[in-house]
Amino acid sequence: MTQTQPCADTGPPDADSDEKATLLAFLNYVRDAVAAKAQGLAAHQARTPGVPSGTASSA
């Protein structure tokens with residue numbers, strides 16, 4: 001397991017804007033969260049399936 005420094009959760013974005021702005025804000029939030037969780041992984045760790053069903057890409 002890779003050891004990383006704890007990172008404060010920024011929380012989801014505000015939903016006070018129009019629909020498109022809210023969707024884009026949530027997509028950016030999730031993209032940043034995934035990137036933060038994957039930071040520091042070795043290439044083979046990043047490609048290893050997380051569940052027995054084998055959800056890794058074939059590429």
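## Burial and surface

A residue is buried when its relative accessible area is under 20%, exposed when over 50%, and partly exposed in between (1.4 Å probe, protein chains only). By that cut-off, buried residues make up 3% of the 59 residues in the protein chain. The accessible surface is about 5300 Å² (Shrake-Rupley method, 1.4 Å probe). Carbon and sulfur atoms hold 57% of that surface.

## Basis of the model

This is a predicted model: local features need pLDDT of at least 70, side-chain atom pairs count only at pLDDT 80 or more, and totals for chains, interfaces and linings use all residues. Residues are numbered from 1 along each chain as its sequence is written, and side-chain values use heavy atoms, without hydrogens and water.

## Helix α1

The protein chain has two helices and zero strands. These are DSSP runs, numbered from the N terminus (helices: H or I, at least four residues; strands: E, at least two). Helix α1 covers residues 19–38.

At the start of α1, a side-chain oxygen of Asp 18 comes within 3.0 Å of the backbone nitrogen of Lys 20. Just after α1, Gly 40 has a positive phi of about 90°.

## Leucine patch

Leu 23, Leu 24 and Leu 27 form a nonpolar surface patch of about 270 Å². Leu 27 lies in α1. Its relative accessibility is 43%, so Leu 27 counts as partly exposed.

Note on methods: Patches are made of residues with over 30% relative accessible area and no salt bridge: like charges are joined within 9 Å, nonpolar side chains (Val, Leu, Ile, Met, Phe, Trp, Tyr) within 5 Å. A salt bridge is a side-chain nitrogen of Lys or Arg within 4 Å of a carboxyl oxygen of Asp or Glu. A polar contact is a pair of N or O atoms within 3.5 Å; within protein, one must be able to donate a hydrogen and the other to accept it, and residues adjacent in sequence count only if both atoms are side-chain atoms.
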